[in-house]
Amino acid sequence: FPDLPLLVLLCNPNEELMQLIESNGLTDRFFVAGHHKNPYKYMAKSEALLLCSDYEGFPTVILEGMACRTKVVITDGAAGSLEIMNNRKSNIAKHDDIESLGKTIMETLNQATPTYQEELNYFSEQNAVEAWVKVIRDN
C-alpha cells in the first residue's frame with residue numbers, strides 16, 4: 001500500500017513491535033503514540049480507524065470512532081462489532097485474511113465520510129432507557 005497514510009498506533013511501544021516496523025522498512029509510515037486517556041483527538045483527525053481485534057466484549061471504540069465522524073474498518077471475527085456496524089458491509093473485512101483487510105481499508109479510504117447517525121441513535125440514552133423499561137415490564 002504505497003499510498004497508505006501515516007499509521008498511528010495507540011498502543012505502547014515495545015521492542016518486538018519496533019523491530020517489526022524497522023525490519024520491514026516502515027519507520028516512516030508508523031508512529032507508535034502509546035496509550036492516551038483522550039484518544040479522541042487522534043480519532044477525529046484520522047482518515048480511518050482500523051480495528052482488527054480477535055475478541056471484543058462490547059466494542060465501545062467503534063462507537064467512539066463513529067462519534068468522531070471517522071471512517072471505521074473492522075474484521076468479522078469480533079463479536080458485537082458486526083451488530084454495531086449494522087449494514088456497512090463494505091467496511092467489514094474477513095477475519096485473519098490480510099488481503100481482505102487491505103482491500104477493505106483501501107475501499108473505505110475512498111468512501112465519503114459517513115455520519116453514522118443510525119448506528120449512534122440506536123445506542124442513544126433514550127433507546128437504552130426504553131429497552132430497560134421493556135425488560136422491567138416484561139419480567
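**Group meeting: a predicted single-chain model**

L6 is partly exposed, as its relative accessible area is 48%.

The mean pLDDT of the chain is 88, with 96% of its residues at 70 or more. Helix α1, residues 15-23, has the highest confidence in the chain, at a mean of 95. The lowest is found in helix α4, residues 81-85, where the mean is 82.

Turning to the overall architecture, the chain contains seven helices and five strands. Their order along the sequence is β-α-β-α-β-α-β-α-β-α-α-α. Taken along the principal axes, the C-alpha atoms fill a box of roughly 60 × 30 × 25 Å. Of the contacts between residues at least 6 apart in sequence, 45% join residues at least 24 apart.

As for burial, 28% of the 139 residues in the chain are buried. The accessible surface amounts to about 9,500 Å², and carbon and sulfur atoms account for 54% of that area.

An individual position may illustrate the point. P39 belongs to the loop between β2, residues 30-32, and α2, residues 40-45. Is P39 buried or exposed? With a relative accessible area of 15%, P39 is buried, because the term applies to anything under 20%. Between P39 and E130, which are 91 residues apart along the chain, the C-alpha separation is 30 Å.

I come lastly to the aromatic residues. How many aromatic pairs does a search of the whole structure find? The search returns one. The partners are Y122 and F123, whose ring centres are 4.9 Å apart. Their planes meet at 85°, so the pair is edge-to-face, since that class takes planes over 60 degrees apart. The two residues may also be described by their accessibility. Y122 is exposed, having a relative accessible area of 60%, whereas F123, at 32%, is partly exposed.

Thank you; I welcome your comments.

Notes
Residues are numbered from 1 along each chain as its sequence is written. This is a predicted model: local features need pLDDT of at least 70, side-chain atom pairs count only at pLDDT 80 or more; totals for chains, interfaces and linings use all residues. Side-chain values use heavy atoms; hydrogens and water are left out. Rings of Phe, Tyr and Trp (its six-membered ring) pair if their centres lie within 6.5 Å; planes under 30 degrees apart count as stacked, over 60 as edge-to-face and the rest as tilted. Buried means under 20% relative accessible area, exposed over 50%, partly exposed in between (1.4 Å probe, protein chains only). pLDDT is the predictor's confidence in each residue, from 0 to 100. Helices (H or I, at least four residues) and strands (E, at least two) are DSSP runs, numbered from the N terminus. Contact means heavy atoms within 4.5 Å. Accessible areas come from the Shrake-Rupley method with a 1.4 Å probe; for residues, only the protein chains shown count as cover.
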